[in-house]
Amino acid sequence: MRTEVFIAGGGVGGLALAAKLASRGVHVTIAEQLKSKSRAYKGELLQPKTLEILHRLGVLDEIEASGHVIDQLRFQEIKRCPGREPENIQLTELNYSRVASRYDHALMVPHETTKDILREKAQNYEKYFHYLPGARFLGFENGRAKVRQKKETIHIEADIYVGAEGRSSPTRDAMNVRMKRKEYNHHFLTVTIPRPETFTKGKIITTTSCFLGLFPLPDNEVRTVYLIKAGEFKKIKQKGLDYVYKAYGDLEPELAETVQAITDWKDIQLMIPHTYHVDRYVSGNLTLVGDAAHTVHPMAGEGMNLAIQDADVLGELLAWCKEEGKSYHEHLHYYEDVRKPRVSFLLALSHMSALVYSFSNPWWRKLRMRAVQRIYDDDQLHVKQMLNISGLGRWNFSLLDRAIQGSMLPVRRKRISDQKQQDKLFSEQEDYPWKF
Ligand SMILES: Cc1cc2nc3c(=O)[nH]c(=O)nc-3n(C[C@H](O)[C@H](O)[C@H](O)COP(=O)(O)OP(=O)(O)OC[C@H]3O[C@@H](n4cnc5c(N)ncnc54)[C@H](O)[C@@H]3O)c2cc1C
């Protein structure tokens, strides 16, 4: 079998890449090991840059119709009072609207829905899109991809091979890349539960020692993420589901009833955060996108976004090469040039956010509360934080910023104009430099 671009893995990264390539007349074949939808939880928060990409792909209306708008990130610090409602001691609301872009919100969309929409988009170009379900990519043999489907072995020859297999990637193995893995002192329990209709705003609720992230989904559901110490899952399971009901109810009384919809530990997924980043994305005609190349701590909700953003840049590059009759091999480096620094930056930002919630000392909490509030009080910090996590641009934090955030210097009273942000937003030239 022959194709122009072979993609191992039909997750969000592989599908976004395939949809773009097929829509631009590039023959693309995906081998996806699963035959049907996965029940495992994966990311659901689509950041503004991803919405921009999905808009250009022509699927934003469907995505918006399947999503719940998140226009703020809300951080609530509480004090638990036995027998009484918890006392709210600080609520900080950071707004996506501070970013000077029409994409002024994020969206919670069930992961499998995003995949369905991308797959259906690609299927509109049936002449160019070939999807092999239940097909496991095993590695390379004589320069071709070796795929096992229904007990048969298929060899696929392509101009470019893309590893989009997620965390365990035979393509990455074949590229012989180097990467360092970072572990954390905490894990998460994650589960979707019903929510009251009025519970529409997401938030992260924290005490000195507890963390509960709540992110509303459509259909009156809410994705919950509860932090536990690394290695504690077994002990918590032994305490029974009542432990979970109480933990949630104590932190968010509004969900005390609906959390009891969890009736089986099987509904609750253990999420073990770790990070890595490969030292190169391209080797000959092999390349990596998404989790095959990097994973990120889930605190900033970036993993799925990085995968789709990788796919956008690589897809645009490969489509341009074909349209302009340029050599793939000579231009592939542009993909890494654009994406690697951006991913490194967001990996560092997510790591910082993870550290903020990694320690349970009262003095650490005090520092955290002050630092989070300062992001809101100082407009430059506010804009930088939201711009950076939106993926729409990059504006580095300076020493002065950090000194203000750490309360060593007073907050600045000046509001950042939209004009001032313009050169911090990624331009088309920065996204796709080979065209210029
Ligand atoms: C528990 C959990 C929670 C997360 N929460 C968030 C979040 O809140 N926000 C966020 O943005 N990100 C989150 N992420 C990260 C996000 O899910 C990933 O970054 C994103 O899915 C990466 O997309 P991908 O396409 O690179 O890989 P994946 O989504 O992992 O897709 C890889 C695909 O390749 C297939 N595959 C694997 N090996 C082979 C093979 N050998 N042959 C053929 N097919 C193969 C797999 O079946 C899968 O369909 C979370 C991840 C996990 C695990």
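Visitor: What should I know before we start?
Guide: This is a predicted model, in which local features need pLDDT of at least 70, side-chain atom pairs count only at pLDDT 80 or more, and totals for chains, interfaces and linings use all residues. Residues are numbered from 1 along each chain as its sequence is written, and side-chain values use heavy atoms, with hydrogens and water left out.

Visitor: Why is serine 358 called buried?
Guide: Buried means under 20% relative accessible area, exposed over 50%, and partly exposed in between, with a 1.4 Å probe and protein chains only. Serine 358 has 12%, so it is buried.

Visitor: Which residues does serine 358 touch, leaving aside its neighbours within four places in sequence?
Guide: Asn185 and His186; contact here means heavy atoms within 4.5 Å.

Visitor: And why is leucine 91 called partly exposed?
Guide: Its relative accessible area is 34%, which falls between the 20% and 50% limits, so leucine 91 is partly exposed. Leucine 91 touches Arg74, Phe75, Gln76 and Gln373, not counting residues up to four places away in sequence.

Visitor: How far is leucine 91 from leucine 251?
Guide: They are 160 residues apart in sequence and 14 Å apart in space, C-alpha to C-alpha.

Visitor: What makes methionine 408 count as exposed?
Guide: Methionine 408 has 64% relative accessibility, and the limit is over 50%, so it counts as exposed. You will find methionine 408 in the loop between α13 (399–405) and α14 (418–421); helices are DSSP runs of H or I, at least four residues, numbered from the N terminus.

Conventions
Helix = DSSP H or I, 4+ residues; strand = E, 2+ residues; numbered from the N terminus.
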